Amino acid sequence: MSTDPRRRVPRTDHLLAEPALAAATQRFGRERVKRAVTGAQERARSGQIAPEAVADAALAALPRSATGLRRVLNASGVLVHTNIGRAPLSDAAREAVALAAGTCDVELDLATGARGRRGTGALDALRAAVPGAGDVHVANNGAAALALVASALAFGREIVVSRGELVEIGDGFRIPELIESTGARLRPVGATNRTHPRDYAEAIGPDTGFVLKVHPSNFVVTGFTRSVEVAELGGLTRPDGSTVPIVDDIGSGLLAPHPRLPGEPDVTSTLAAGATLVTASGDKLLGGPQAGLVFGGPGPGAELVARVRRHPLARAMRVDKLTLAALEASVAGPPTPVRLGLDATVDGLRDRAEKLAATLAGDGIDAVAVDSVSTIGGGGAPGVELDSAAVSLPEAFAAVLRAGDPAVLGRLEHGRCLLDLRAVAPGDDDALAAAVRRTAREV
């Protein structure tokens, strides 16, 4: 009788019927699991693994989840971290996304059976959150919102903007290039560090589409500087007497003033100051999904939002049902994780850090609670620092924590790995401690 171990390699159909691999088929699909099984069988036939280990090897070859994305605990001290997806969604928003992932009434009036208006719930929630708005439109991100406004209101015309506000918005993209790609022409005014109201007034002509204000949301210029506030630009008119719209791109998506961010512009105050339109992002300080918001003030502002909504590019920049569901829940639901992190008290953070450090130290780990400083991040509130608290670990923990599951993103400071708790939900403290314990066994 042959003793060739290859004859003991389990058959494919038998392997796929095993409970663990059958469950994996439900998550990843039959073809993906079958490829993993076939690969494991070949390893067994070549003598790399024992035939009895084929099922386990096939399972080990499959990914952790159906997506290549991995969960990351944000202990960096940056509240809205661009590289890990900016704003984490609230439980309410995640529940809304799960509902919308199936068939839903995104464009159906269930009462009449006729086609309904898309995104009514999200739009109504945004209007309720900013009562001074006459109308609102949602695009697929902040840059799209500004580009859509420029194309709808200033194609072939001029947009007057301060030289000090021609900023780069990230990943090499710049406001001038974004605007000019829409077919509008820029008319820069003032100097890099100082612009005056007269600079805008002198630049207005028959070809002016609108005046643009851009919040420099990822840097601060100090010293001999002067910028013009929205309230100072009211009443600008073209030679024919028509009013020039004022468009303010505030960036971070703060809907109303926040006491910890006195210098950060918000939609409510900017409209009240006289802006005709305000554009902003949904996935920064608003705390929702990636989206671009266009708010119009009452009267002329609402009329311009209607023009923006009917522009052909609005279809190309439309958001999907998942975004609409998450946006509605983020605006109308409980406080978002970003808001909770922003509102967290230093005393509360210190208490959590001390408890975590004491627990870890009891396991023989070099963990100490320390004061820390966190930032907003995500192109919002530049220069603003928030007192925080962290767990300090040996430097070698940082790389191993990033490679874990879940991954943990801390930061290095003075030769130590700091796990800042401002952006870590209190409910994740146990998961954070478990990740540190696993890491301690590897370093």
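Predicted model: local features only at pLDDT ≥ 70, side-chain atom pairs only at ≥ 80, totals over all residues.

Is histidine 414 buried or exposed, and what is its relative accessible area? After that, please take me along helix α2.

Modeller: Histidine 414 is exposed, because its relative accessible area is 78%, where over 50% counts as exposed. You will find histidine 414 in the loop between β14 (411-413) and β15 (416-420). Its backbone is worth a look too: phi of histidine 414 is near 55°, which is a positive value in a residue other than glycine.

Arginine 86 also has a positive phi, about 55°, without being a glycine. Its place is the loop between β1 (72-74) and α5 (91-100). With 23% relative accessibility, arginine 86 counts as partly exposed.

Now to helix α2, which spans residues 19-28. Its buried residues are Leu21, Ala24, Thr25 and Phe28. They lie on the same side of α2 because they cover an arc of only 110° around the axis. The general rule behind this is friendly to remember: an α-helix has 3.6 residues a turn, so residues three or four places apart point the same way. The buried residues of α2 pack against α1 (12-17), α3 (30-45) and α4 (54-61). Just after α2 comes glycine 29, with a positive phi of about 95°.

Methods: Residues numbered from 1 in each chain as written. Heavy atoms only, no water. Buried < 20%, exposed > 50% of the residue type's maximum accessible area, 1.4 Å probe, protein only. Helix = DSSP H or I, 4+ residues; strand = E, 2+ residues; numbered from the N terminus. Arc of directions from axis to C-beta. Contact = heavy atoms within 4.5 Å.
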